Amino acid sequence: MSADIPERPEDAAWMRRALSLADGVMYTTSPNPRVGCVIVRDGQVLGEGATQPVGGPHAEVRALRDAQARGLSVAGATVYVTLEPCSHHGRTPPCVDALVAAAPARVVVAMGDPNPRVNGEGLARLRAAGIEVTAGVCLDEALALNVGFVARMSRGTPWLWAKMAASLDGRSALPNGRSQWITGEAARADGHHWRARSCAVLTGIGTVLADDPRLDVRHVATTRPPRKIVLDTHLRMPAAARLLDGTETWVFTAREDAGRVAELAARNARVICLPGADGRVDLPGVMRWLGQHDINEVHAEAGAVLTGALLQEGCVDELLVYMAPMVLGEGAGMARLPLIEDLGQARRFQFVDVRGLGPDVRLRAQDPRRLAAARAAATPARRA
(Lines give C-alpha, C1' and ligand atoms only; values in the text may rest on other atoms or scores of the structure.)
Protein backbone atom coordinates (compact mmCIF):
# COMPACT_ATOMS: atom_id res chain seq x y z
CA MET A 1 0.00 0.00 0.00
CA SER A 2 1.42 3.40 -0.97
CA ALA A 3 2.61 5.94 1.56
CA ASP A 4 0.41 8.87 2.54
CA ILE A 5 1.04 12.07 0.60
CA PRO A 6 2.74 14.88 2.59
CA GLU A 7 0.86 18.10 3.26
CA ARG A 8 1.03 20.69 0.47
CA PRO A 9 1.32 24.49 0.92
CA GLU A 10 -2.31 25.13 -0.06
CA ASP A 11 -3.81 22.43 2.15
CA ALA A 12 -4.18 24.43 5.37
CA ALA A 13 -6.08 27.26 3.68
CA TRP A 14 -8.61 24.90 2.06
CA MET A 15 -8.97 22.92 5.26
CA ARG A 16 -9.73 26.11 7.17
CA ARG A 17 -12.51 26.78 4.67
CA ALA A 18 -13.89 23.33 5.47
CA LEU A 19 -13.52 24.04 9.20
CA SER A 20 -15.49 27.26 8.74
CA LEU A 21 -18.32 25.22 7.21
CA ALA A 22 -18.19 22.86 10.19
CA ASP A 23 -18.31 25.79 12.58
CA GLY A 24 -21.42 26.99 10.78
CA VAL A 25 -23.35 23.93 11.96
CA MET A 26 -22.05 24.19 15.54
CA TYR A 27 -25.50 24.08 17.12
CA THR A 28 -27.31 21.53 14.95
CA THR A 29 -25.46 18.25 14.33
CA SER A 30 -25.17 16.61 17.78
CA PRO A 31 -24.78 13.81 18.59
CA ASN A 32 -23.04 13.61 15.22
CA PRO A 33 -19.77 15.54 14.88
CA ARG A 34 -19.56 18.93 13.17
CA VAL A 35 -17.95 18.30 9.79
CA GLY A 36 -17.23 20.44 6.75
CA CYS A 37 -16.08 19.40 3.27
CA VAL A 38 -14.70 21.33 0.29
CA ILE A 39 -13.88 19.79 -3.12
CA VAL A 40 -11.25 21.63 -5.16
CA ARG A 41 -9.59 21.38 -8.57
CA ASP A 42 -6.97 23.81 -9.89
CA GLY A 43 -7.73 26.30 -7.13
CA GLN A 44 -11.47 26.36 -7.83
CA VAL A 45 -14.25 25.10 -5.56
CA LEU A 46 -16.32 22.39 -7.23
CA GLY A 47 -18.62 21.73 -4.29
CA GLU A 48 -18.85 22.18 -0.54
CA GLY A 49 -21.12 21.30 2.35
CA ALA A 50 -21.51 20.58 6.05
CA THR A 51 -23.12 17.78 8.02
CA GLN A 52 -26.86 18.19 8.49
CA PRO A 53 -28.94 17.40 11.60
CA VAL A 54 -29.23 13.76 12.66
CA GLY A 55 -30.59 11.61 9.84
CA GLY A 56 -29.52 14.10 7.16
CA PRO A 57 -26.56 13.77 4.78
CA HIS A 58 -23.00 14.13 6.01
CA ALA A 59 -20.60 16.82 4.79
CA GLU A 60 -19.01 14.72 2.02
CA VAL A 61 -22.35 13.82 0.48
CA ARG A 62 -23.49 17.45 0.68
CA ALA A 63 -20.33 18.57 -1.12
CA LEU A 64 -20.68 15.89 -3.80
CA ARG A 65 -24.31 16.87 -4.37
CA ASP A 66 -23.30 20.53 -4.57
CA ALA A 67 -20.78 19.71 -7.32
CA GLN A 68 -23.38 17.63 -9.13
CA ALA A 69 -25.89 20.51 -8.94
CA ARG A 70 -23.26 22.73 -10.59
CA GLY A 71 -22.82 20.14 -13.33
CA LEU A 72 -19.23 19.42 -12.33
CA SER A 73 -17.35 16.12 -12.07
CA VAL A 74 -15.05 15.69 -9.08
CA ALA A 75 -12.95 12.94 -10.71
CA GLY A 76 -9.30 13.76 -10.16
CA ALA A 77 -10.07 16.57 -7.69
CA THR A 78 -8.94 17.03 -4.08
CA VAL A 79 -11.43 16.59 -1.25
CA TYR A 80 -10.83 18.45 2.02
CA VAL A 81 -12.86 17.07 4.93
CA THR A 82 -12.48 17.88 8.62
CA LEU A 83 -13.12 14.30 9.84
CA GLU A 84 -12.21 10.90 8.48
CA PRO A 85 -15.07 9.73 6.20
CA CYS A 86 -17.33 7.19 7.89
CA SER A 87 -17.09 3.60 6.71
CA HIS A 88 -20.17 2.06 8.35
CA HIS A 89 -23.91 2.00 7.85
CA GLY A 90 -25.63 4.14 10.48
CA ARG A 91 -28.57 6.45 9.83
CA THR A 92 -26.92 7.15 6.46
CA PRO A 93 -24.75 5.04 4.10
CA PRO A 94 -20.94 5.16 4.40
CA CYS A 95 -19.49 8.42 3.09
CA VAL A 96 -16.33 6.60 2.01
CA ASP A 97 -18.37 4.64 -0.57
CA ALA A 98 -19.65 7.88 -2.09
CA LEU A 99 -16.12 9.27 -2.25
CA VAL A 100 -14.66 6.15 -3.85
CA ALA A 101 -17.44 6.20 -6.47
CA ALA A 102 -16.69 9.88 -7.23
CA ALA A 103 -13.00 9.02 -7.86
CA PRO A 104 -11.13 12.07 -6.54
CA ALA A 105 -7.35 11.91 -6.86
CA ARG A 106 -6.74 12.86 -3.25
CA VAL A 107 -8.53 13.20 0.09
CA VAL A 108 -7.15 15.46 2.82
CA VAL A 109 -8.51 14.98 6.35
CA ALA A 110 -7.97 16.99 9.51
CA MET A 111 -8.59 14.31 12.14
CA GLY A 112 -9.38 10.65 12.47
CA ASP A 113 -12.74 9.33 13.60
CA PRO A 114 -12.33 7.57 16.98
CA ASN A 115 -15.71 5.85 16.59
CA PRO A 116 -14.79 2.14 17.00
CA ARG A 117 -16.87 1.44 13.88
CA VAL A 118 -14.54 3.69 11.85
CA ASN A 119 -11.19 4.35 13.59
CA GLY A 120 -8.94 4.25 10.50
CA GLU A 121 -11.16 2.06 8.33
CA GLY A 122 -12.37 5.04 6.27
CA LEU A 123 -8.82 6.08 5.40
CA ALA A 124 -7.79 2.50 4.72
CA ARG A 125 -10.60 2.07 2.20
CA LEU A 126 -9.62 5.27 0.40
CA ARG A 127 -6.04 4.06 0.14
CA ALA A 128 -7.18 0.64 -1.05
CA ALA A 129 -9.13 2.35 -3.85
CA GLY A 130 -5.96 4.09 -5.04
CA ILE A 131 -6.93 7.50 -3.68
CA GLU A 132 -4.07 9.50 -2.19
CA VAL A 133 -4.51 10.43 1.47
CA THR A 134 -3.04 13.30 3.49
CA ALA A 135 -3.97 13.22 7.17
CA GLY A 136 -3.67 15.53 10.15
CA VAL A 137 -4.00 18.93 8.44
CA CYS A 138 -5.27 21.49 11.03
CA LEU A 139 -5.79 18.66 13.52
CA ASP A 140 -5.98 20.87 16.61
CA GLU A 141 -8.54 23.21 15.05
CA ALA A 142 -10.70 20.25 14.06
CA LEU A 143 -10.41 18.74 17.53
CA ALA A 144 -11.56 22.01 19.12
CA LEU A 145 -14.83 21.75 17.17
CA ASN A 146 -15.46 18.13 18.18
CA VAL A 147 -13.64 17.47 21.44
CA GLY A 148 -16.88 16.20 23.01
CA PHE A 149 -17.51 13.70 20.23
CA VAL A 150 -13.90 12.48 20.55
CA ALA A 151 -14.23 12.16 24.33
CA ARG A 152 -17.47 10.18 24.13
CA MET A 153 -16.13 7.83 21.44
CA SER A 154 -12.74 7.25 23.05
CA ARG A 155 -13.49 7.13 26.79
CA GLY A 156 -17.27 6.76 26.96
CA THR A 157 -18.04 10.04 28.75
CA PRO A 158 -18.79 13.56 27.49
CA TRP A 159 -16.44 16.54 27.66
CA LEU A 160 -17.59 18.78 30.52
CA TRP A 161 -16.73 22.42 30.99
CA ALA A 162 -17.62 24.24 34.21
CA LYS A 163 -18.82 27.79 33.60
CA MET A 164 -18.22 30.33 36.37
CA ALA A 165 -18.63 34.10 36.69
CA ALA A 166 -16.58 35.87 39.32
CA SER A 167 -14.96 39.08 40.50
CA LEU A 168 -11.21 39.63 40.32
CA ASP A 169 -10.91 38.24 43.84
CA GLY A 170 -12.74 35.06 42.84
CA ARG A 171 -16.16 35.75 44.38
CA SER A 172 -19.16 34.32 42.57
CA ALA A 173 -21.80 35.84 44.88
CA LEU A 174 -22.24 38.24 47.78
CA PRO A 175 -22.59 36.86 51.34
CA ASN A 176 -26.39 37.20 50.96
CA GLY A 177 -26.25 34.99 47.85
CA ARG A 178 -26.89 37.72 45.27
CA SER A 179 -24.90 37.25 42.05
CA GLN A 180 -26.94 38.99 39.31
CA TRP A 181 -25.14 40.42 37.57
CA ILE A 182 -21.40 40.19 38.26
CA THR A 183 -20.53 40.12 34.56
CA GLY A 184 -21.94 42.26 31.76
CA GLU A 185 -24.18 41.69 28.80
CA ALA A 186 -21.45 40.62 26.36
CA ALA A 187 -20.20 37.93 28.76
CA ARG A 188 -23.72 36.63 29.34
CA ALA A 189 -24.37 36.45 25.60
CA ASP A 190 -21.12 34.54 25.11
CA GLY A 191 -22.18 32.12 27.83
CA HIS A 192 -25.31 31.38 25.81
CA HIS A 193 -23.09 30.37 22.86
CA TRP A 194 -21.41 27.79 25.09
CA ARG A 195 -24.77 26.57 26.33
CA ALA A 196 -26.05 26.27 22.76
CA ARG A 197 -23.07 24.30 21.46
CA SER A 198 -23.40 21.77 24.27
CA CYS A 199 -25.65 18.73 24.18
CA ALA A 200 -26.78 19.41 27.74
CA VAL A 201 -26.77 22.19 30.33
CA LEU A 202 -26.25 20.85 33.84
CA THR A 203 -27.01 22.54 37.15
CA GLY A 204 -27.79 21.60 40.74
CA ILE A 205 -30.98 21.75 42.75
CA GLY A 206 -29.48 24.51 44.90
CA THR A 207 -29.28 26.82 41.89
CA VAL A 208 -32.83 25.88 40.83
CA LEU A 209 -34.26 26.65 44.29
CA ALA A 210 -32.27 29.87 44.75
CA ASP A 211 -32.49 31.43 41.25
CA ASP A 212 -35.22 29.55 39.33
CA PRO A 213 -33.16 29.82 36.11
CA ARG A 214 -34.49 29.10 32.63
CA LEU A 215 -31.15 27.69 31.37
CA ASP A 216 -32.27 28.38 27.81
CA VAL A 217 -30.28 29.77 24.86
CA ARG A 218 -32.46 32.77 24.05
CA HIS A 219 -29.47 34.74 22.75
CA VAL A 220 -28.65 32.07 20.13
CA ALA A 221 -30.78 30.97 17.18
CA THR A 222 -30.82 27.17 17.09
CA THR A 223 -33.21 24.40 16.13
CA ARG A 224 -31.57 22.04 18.65
CA PRO A 225 -31.61 23.56 22.12
CA PRO A 226 -29.53 21.61 24.64
CA ARG A 227 -31.18 19.24 27.05
CA LYS A 228 -31.44 20.42 30.65
CA ILE A 229 -30.05 18.34 33.52
CA VAL A 230 -30.58 18.87 37.25
CA LEU A 231 -28.65 17.00 39.93
CA ASP A 232 -31.05 16.63 42.85
CA THR A 233 -30.05 14.14 45.53
CA HIS A 234 -33.27 14.37 47.58
CA LEU A 235 -35.66 14.95 44.63
CA ARG A 236 -36.75 18.43 45.70
CA MET A 237 -37.26 19.62 42.11
CA PRO A 238 -40.29 21.97 41.99
CA ALA A 239 -42.77 20.99 39.30
CA ALA A 240 -43.31 24.73 38.71
CA ALA A 241 -39.62 25.45 38.00
CA ARG A 242 -39.10 27.72 34.99
CA LEU A 243 -36.62 25.37 33.33
CA LEU A 244 -39.41 22.79 33.01
CA ASP A 245 -40.68 24.57 29.92
CA GLY A 246 -41.89 21.56 27.94
CA THR A 247 -38.51 20.49 26.58
CA GLU A 248 -37.30 17.19 28.04
CA THR A 249 -35.32 17.57 31.25
CA TRP A 250 -33.32 14.87 33.04
CA VAL A 251 -33.33 14.93 36.84
CA PHE A 252 -30.70 12.74 38.53
CA THR A 253 -31.44 11.76 42.11
CA ALA A 254 -30.44 9.32 44.82
CA ARG A 255 -33.98 8.88 46.11
CA GLU A 256 -36.80 6.64 44.89
CA ASP A 257 -40.19 8.38 44.98
CA ALA A 258 -42.84 7.18 42.53
CA GLY A 259 -45.19 10.05 43.33
CA ARG A 260 -42.59 12.72 42.60
CA VAL A 261 -41.48 10.86 39.48
CA ALA A 262 -45.04 10.97 38.14
CA GLU A 263 -45.45 14.63 39.09
CA LEU A 264 -42.28 15.61 37.24
CA ALA A 265 -43.08 13.36 34.28
CA ALA A 266 -46.19 15.51 33.74
CA ARG A 267 -43.75 18.38 33.07
CA ASN A 268 -41.69 16.26 30.64
CA ALA A 269 -38.96 15.60 33.20
CA ARG A 270 -37.36 12.16 33.30
CA VAL A 271 -36.06 11.09 36.72
CA ILE A 272 -32.98 8.83 36.85
CA CYS A 273 -31.98 7.36 40.20
CA LEU A 274 -28.19 6.97 40.46
CA PRO A 275 -27.15 6.88 44.13
CA GLY A 276 -23.50 6.83 45.05
CA ALA A 277 -21.84 5.18 48.01
CA ASP A 278 -22.15 8.41 50.04
CA GLY A 279 -25.92 8.63 49.50
CA ARG A 280 -25.59 11.49 47.02
CA VAL A 281 -25.94 11.35 43.24
CA ASP A 282 -23.08 9.34 41.73
CA LEU A 283 -21.38 12.03 39.61
CA PRO A 284 -19.01 9.75 37.64
CA GLY A 285 -22.01 7.46 37.12
CA VAL A 286 -23.95 10.38 35.68
CA MET A 287 -21.11 11.05 33.22
CA ARG A 288 -21.09 7.42 32.11
CA TRP A 289 -24.89 7.44 31.73
CA LEU A 290 -24.72 10.60 29.61
CA GLY A 291 -22.07 9.05 27.38
CA GLN A 292 -24.30 6.05 26.83
CA HIS A 293 -27.12 8.40 25.83
CA ASP A 294 -25.23 10.25 23.08
CA ILE A 295 -24.25 13.36 25.05
CA ASN A 296 -21.00 14.78 23.65
CA GLU A 297 -20.57 18.03 25.57
CA VAL A 298 -21.91 19.20 28.93
CA HIS A 299 -22.10 22.83 30.02
CA ALA A 300 -22.12 22.85 33.83
CA GLU A 301 -23.47 26.07 35.29
CA ALA A 302 -23.88 25.59 39.02
CA GLY A 303 -23.05 26.95 42.43
CA ALA A 304 -19.83 26.53 44.34
CA VAL A 305 -20.90 23.28 46.04
CA LEU A 306 -21.73 21.32 42.89
CA THR A 307 -18.86 22.85 40.90
CA GLY A 308 -16.49 21.77 43.66
CA ALA A 309 -17.98 18.27 43.73
CA LEU A 310 -17.60 17.90 39.97
CA LEU A 311 -13.95 18.96 40.24
CA GLN A 312 -13.31 16.66 43.18
CA GLU A 313 -14.86 13.68 41.37
CA GLY A 314 -12.73 14.28 38.27
CA CYS A 315 -15.67 15.15 36.01
CA VAL A 316 -14.37 18.52 34.77
CA ASP A 317 -12.30 18.72 31.58
CA GLU A 318 -12.35 22.47 31.09
CA LEU A 319 -12.97 25.70 33.01
CA LEU A 320 -14.88 28.55 31.40
CA VAL A 321 -14.39 31.53 33.69
CA TYR A 322 -15.84 35.01 33.16
CA MET A 323 -14.12 37.62 35.33
CA ALA A 324 -15.45 41.10 36.00
CA PRO A 325 -13.15 44.03 36.88
CA MET A 326 -14.45 44.42 40.42
CA VAL A 327 -13.45 43.34 43.92
CA LEU A 328 -16.21 42.07 46.21
CA GLY A 329 -14.40 41.03 49.39
CA GLU A 330 -16.37 38.55 51.44
CA GLY A 331 -18.67 36.23 49.53
CA ALA A 332 -19.00 32.82 47.91
CA GLY A 333 -16.05 31.35 46.03
CA MET A 334 -16.20 29.74 42.60
CA ALA A 335 -15.85 26.16 43.84
CA ARG A 336 -16.02 24.62 47.30
CA LEU A 337 -13.20 22.10 47.66
CA PRO A 338 -11.48 20.34 50.56
CA LEU A 339 -8.48 22.09 52.08
CA ILE A 340 -5.10 20.99 50.75
CA GLU A 341 -1.75 21.35 52.46
CA ASP A 342 0.58 21.16 49.48
CA LEU A 343 0.51 22.73 46.01
CA GLY A 344 1.29 19.31 44.60
CA GLN A 345 -2.29 18.34 45.50
CA ALA A 346 -3.77 21.08 43.32
CA ARG A 347 -5.81 20.15 40.25
CA ARG A 348 -3.92 21.80 37.38
CA PHE A 349 -5.25 23.20 34.13
CA GLN A 350 -3.58 25.03 31.26
CA PHE A 351 -4.85 28.24 29.69
CA VAL A 352 -5.93 27.83 26.08
CA ASP A 353 -7.69 31.16 25.43
CA VAL A 354 -8.13 34.61 26.95
CA ARG A 355 -10.68 36.96 25.42
CA GLY A 356 -12.12 40.36 26.29
CA LEU A 357 -15.91 40.63 26.29
CA GLY A 358 -16.96 44.21 26.88
CA PRO A 359 -15.59 45.16 30.30
CA ASP A 360 -15.05 41.52 31.27
CA VAL A 361 -12.55 38.78 30.41
CA ARG A 362 -13.24 35.15 29.52
CA LEU A 363 -10.60 32.60 30.51
CA ARG A 364 -10.56 29.05 29.17
CA ALA A 365 -8.37 26.42 30.80
CA GLN A 366 -8.25 22.71 30.01
CA ASP A 367 -6.94 19.64 31.79
CA PRO A 368 -3.71 19.03 29.82
CA ARG A 369 -3.74 15.26 30.28
CA ARG A 370 -7.30 14.92 29.03
CA LEU A 371 -6.64 17.22 26.09
CA ALA A 372 -3.58 15.12 25.18
CA ALA A 373 -5.68 11.94 25.39
CA ALA A 374 -8.34 13.44 23.13
CA ARG A 375 -5.69 14.56 20.64
CA ALA A 376 -4.17 11.09 20.58
CA ALA A 377 -7.61 9.58 19.93
CA ALA A 378 -8.22 12.06 17.09
CA THR A 379 -4.86 11.61 15.39
CA PRO A 380 -5.48 9.91 12.01
CA ALA A 381 -4.03 6.48 11.38
CA ARG A 382 -1.13 6.93 8.97
CA ARG A 383 0.61 4.65 6.46
CA ALA A 384 4.38 4.71 5.99
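Tutor: Let's start with strand S1 (residues 36-41) and strand S3 (residues 78-83), which run antiparallel and are joined by four bridges. Within that pair, Val40 faces Thr78 of S3. Strands here are DSSP runs of E with at least two residues, helices are runs of H or I with at least four, and both are numbered from the N terminus. Two strands count as paired once DSSP finds at least two bridges between them.

Before going on, the ground rules: the model is predicted, so local features need pLDDT of at least 70 and side-chain atom pairs count only at pLDDT 80 or more, while totals for chains, interfaces and linings use all residues. Residues are numbered from 1 along each chain as its sequence is written, and side-chain values use heavy atoms, with hydrogens and water left out.

Now widen the view. S1 and S3 belong to an open sheet of five strands, ordered S2-S1-S3-S4-S5, with mixed pairing. Strand S2 (44-50) and S5 are the edge strands; each has a single partner, so one side of each has no neighbour in the sheet. From one strand to the next, the twist averages 15 degrees. For angles, axes are lines fitted to C-alpha atoms (for helices, over the stretch in contact), and values run from 0 to 180 degrees between N-to-C directions.

What lies on this sheet? Helix H1 (residues 11-23) lies across S1, S2, S3, S4 and S5, at about 145 degrees to S1. H5 packs on the sheet too, touching S3 and S4, and its direction makes about 60 degrees with that of S4. Contact means heavy atoms within 4.5 Å.

Just after H4, Gly130 has a positive phi of about 85 degrees.

Back to H5, which also has a part in a cavity. Helix H5 (residues 139-155) supplies the largest share of the lining of the largest cavity, four residues. A cavity is a set of points on a 1 Å grid over the protein atoms alone where a 1.4 Å probe fits but cannot get out, and lining residues have an atom within 4 Å of a point. There is one cavity of 30 Å³ or more, and the largest has a volume of about 40 Å³. Grid points are joined across faces, edges and corners, and the volume is the space filled by probe spheres set on them.

Among its lining residues are Thr29, Ser30, Arg34, Leu145, Asn146, Phe149, Asn296 and Glu297. By class, the lining has three nonpolar, six polar and two charged residues; Asp, Glu, Lys and Arg count as charged, Ala, Val, Leu, Ile, Met, Phe, Trp, Tyr, Cys and Pro as nonpolar, and the others, Gly among them, as polar.

For context, there's also another open sheet: nine strands in the order S10-S9-S8-S7-S11-S6-S12-S14-S13, with mixed pairing. Its edges are strand S10 (269-273) and strand S13 (350-357), each with a single partner strand, so one side of each is left without a neighbour in the sheet. There the twist averages 20 degrees from one strand to the next.

Notes:
1 Å grid on protein atoms, 1.4 Å probe; cavity = no way out; pocket = protein on both sides within 12 Å on 5 of 7 lines; lining within 4 Å.
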